[in-house]
Amino acid sequence: MPAAEAASSESRARPVIHPRKLAAQEEYFQCPQWAGQPTHPGLRLEVFRDKRLVEFLRLDDHPYYLFGRGKKICDHVLEGPMISRLHFALVHHRSGSAFVIDLGSQKGTQLNGRYLEPNLPSKIVSGDELRLGSGPLRYVFRLPTFSEVAGVFFFVRSPNPKFVFPISAPFPSLSSVHSRAPSFHPHPHPRSPKMSTSHSAATLPASAAARRPPP
């Protein structure tokens, strides 16, 4: 392959990270070299308490997402006694798959009932379930459904205006049904902060998350 074509291919494969996100997080987490842009609009974590769907966490904009209690560094801010300030990362692979990395959390991260080894990527597929420590919430990784890909969406608004649920969700109220297209864009996480350049969490090894994922 000519050098110019190789350089162009490498440039296209390089993930794009928003400057404010990079400035806020690079001290604590370095985007792995194998990371890529998400290839499936509508990727999300569905958060369940018991069997009730309570919210969505979007995963379709950035090459990686950080989760934890740290309001100034995490893309999705979570609350609870089992959650560390910087708990885990979800990283999109350039091949289109995704990996979860426990970032040395105090209570650990479970993937389908198995605790992950800290700082080692583990592949996650649609339907897989995460738990943070022994907490009550389940985080289910979901690819977009056929109707979402086709651009046909039907949503219900909950009594809490911060959340929008799909009509298939186990939510009691079916009022204010409306359509929405062409891509899945739930309301942002109500506690997701704007990125800041200040930090308060303990620094993690920058190379820990950059290890090559298992084949």
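The legends below describe close-up views of a predicted model.

**View 1. Strand S10 and its antiparallel neighbours, S7 and S11.** Strand S10, which covers residues 129-132, has a covered face made up of Leu 130 and Leu 132, while Glu 129 and Arg 131 belong to its uncovered face. Strand S7 (residues 109-111) runs antiparallel to S10 and is joined to it by 3 bridges, and here Gln 110 has Arg 131 of S10 as its bridge partner. Strand S11 (residues 137-142) is likewise antiparallel to S10, with 2 bridges between them, and Leu 130 stands opposite Tyr 139 of S11. S10 and S11 form a hairpin in which 4 residues separate the strands, and Gly 133 in the turn has a positive phi of about 60°.

**View 2. The edge-to-face pair of Trp 34 and Phe 99.** Among the 3 aromatic pairs that the structure holds, the rings of Trp 34 and Phe 99 lie 5.4 Å apart, centre to centre, with 65° between their planes. Trp 34 lies in the loop between helix H2 (19-25) and strand S1 (44-49), whereas Phe 99 lies in strand S6 (residues 98-102), so the pair ties together parts that are 65 residues apart in sequence. Both Trp 34 and Phe 99 are buried.

**View 3. The stacked pair of Phe 67 and Phe 88.** The ring centres of Phe 67 and Phe 88 are 4.3 Å apart, and the angle between the planes is 5°. This pair links distant parts of the chain, with Phe 67 in strand S3 (residues 64-68) and Phe 88 in strand S5 (residues 88-92), 21 residues apart; Phe 67 and Phe 88 are both buried.

**View 4. Lys 21 over the ring of Tyr 64.** The charged end of Lys 21 sits over the Tyr 64 ring, 4.1 Å from its centre, and Lys 21 also lies over the face of Tyr 65, at 5.6 Å from that ring centre.

How values were computed. Residues are numbered from 1 along each chain as its sequence is written. This is a predicted model: local features need pLDDT of at least 70, side-chain atom pairs count only at pLDDT 80 or more; totals for chains, interfaces and linings use all residues. Side-chain values use heavy atoms; hydrogens and water are left out. Buried means under 20% relative accessible area, exposed over 50%, partly exposed in between (1.4 Å probe, protein chains only). Two strands pair if DSSP finds at least two bridges between them. Rings of Phe, Tyr and Trp (its six-membered ring) pair if their centres lie within 6.5 Å; planes under 30 degrees apart count as stacked, over 60 as edge-to-face and the rest as tilted. A charge sits over a ring if NZ of Lys or CZ of Arg is within 6 Å of the ring centre and within 35 degrees of the ring normal.
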